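Hi,

Here is the structure I said I would pass on. Have a look at it first, and then read my notes below.

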Amino acid sequence: MDTQSLQAFLAVADTQSFSRAAEQLHLTQPAVSKRIATLESQVGTRLFDRIGRRIALTEAGSVLLPQARRILFSVEDSRRALANLSGQVGGKLTLATSHHIGLHRLPPLLKQYTQRHPEVTLDLHFLDSEQAYQGVLDGTLEMAVVTLAPHPHEQLQVVELWRDRLCFACAIDHPLTYQTSQSVLSLTDLCEYNCVMPGAKTFTGSLIAQRFSQAGLELPVSMATNYLETLKMMCSVGLGWSLLPEKMIDSELVELKVDTPPIYRPLGYLVHTNRTLSNAARMMIEELENTRGESPIK
């Protein structure tokens, strides 16, 4: 059972498509099909049911899936451990970040990192924080810099670096703008108007929903998106009030005065506790830790 066949198996299982798996692996579709056929021959059973264009794991495929992940995880871990012996900082660093952090927090850091370590190839993925967590857990990502989950995970080392204050905001011509100029608003006052929010299943969305739930209120969400820049646009054109990171509040928006304690969301990095980090990842963590002095947690 060779690792190339296992990689093809995981790619097909994750994408549910031979063509998309081929694109992901930079192979032709026949090459992927051949590797799957070889693996099926080695294990003596079919791993996928092919029903028209739909691909689904068989029972045997479902049993093999977690084992295949563990095997490839161990192989990659061994490769990194051996490569680290040279002391050189090079190779590929597979890093995920959220769109907001990638746009507002990381650019100066990434520029400095690539200048200091030109032998490192950055494989940068822009993902929702929840997807990034899963990627680090299953080994497809070496590390992630994202919004942190509200609850710890025993298999992950999670380090908070920054903390975003989320501001209640609306468009300059929204009715709430007049109200906030006259008095401090309550959460109940806000719920009389539609809002635009992060998805309910996102870490940020659940953090906001929890605050209103504790007050016995349900958010009147008219539209939701996981992209904060899109939320800002929708908020600024009057489609609803929202909660946005402090750094995003500009002349297009009015920060609302609301009678509730500040809401903060933690940002930081995470790695797998059982994974041997590459020298490239260790240097990235060093760069991230150095940002503490520049952007202290509030």
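**Aromatic rings and a few other spots**

Phe18 is buried, with a relative accessible area of 9%. Keep in mind that this is a predicted model.

Now for the rings. Searching the whole structure turns up five aromatic pairs. One of them is Phe9 with Phe48, a tilted pair with 5.5 Å from centre to centre and 50° between the planes. That pair links distant parts of the chain, since Phe9 sits in helix α1 and Phe48 in strand β1, 39 residues apart. Both Phe9 and Phe48 are buried. Phe18 also pairs with Phe48, this time edge-to-face, at 6.1 Å centre to centre and 70° between the planes. Here too distant parts of the chain are linked: Phe18 belongs to helix α2 (residues 18-25), Phe48 to strand β1, and they are 30 residues apart. Phe48 counts as buried because its relative accessible area is 1%, below the 20% cut-off. Together, Phe9, Phe18 and Phe48 make up one aromatic cluster.

Back to helix α1: its buried residues include Leu6, Leu10 and Ala13.

Lys232 lies in helix α11 (residues 228-236) and, at 18% relative accessibility, is buried.

Gly52, by contrast, is exposed at 72%, in the loop between β1 (48-51) and β2 (54-57).

Cheers

Conventions
Residues are numbered from 1 along each chain as its sequence is written. This is a predicted model: local features need pLDDT of at least 70, side-chain atom pairs count only at pLDDT 80 or more; totals for chains, interfaces and linings use all residues. Side-chain values use heavy atoms; hydrogens and water are left out. Helices (H or I, at least four residues) and strands (E, at least two) are DSSP runs, numbered from the N terminus. Buried means under 20% relative accessible area, exposed over 50%, partly exposed in between (1.4 Å probe, protein chains only). Rings of Phe, Tyr and Trp (its six-membered ring) pair if their centres lie within 6.5 Å; planes under 30 degrees apart count as stacked, over 60 as edge-to-face and the rest as tilted.
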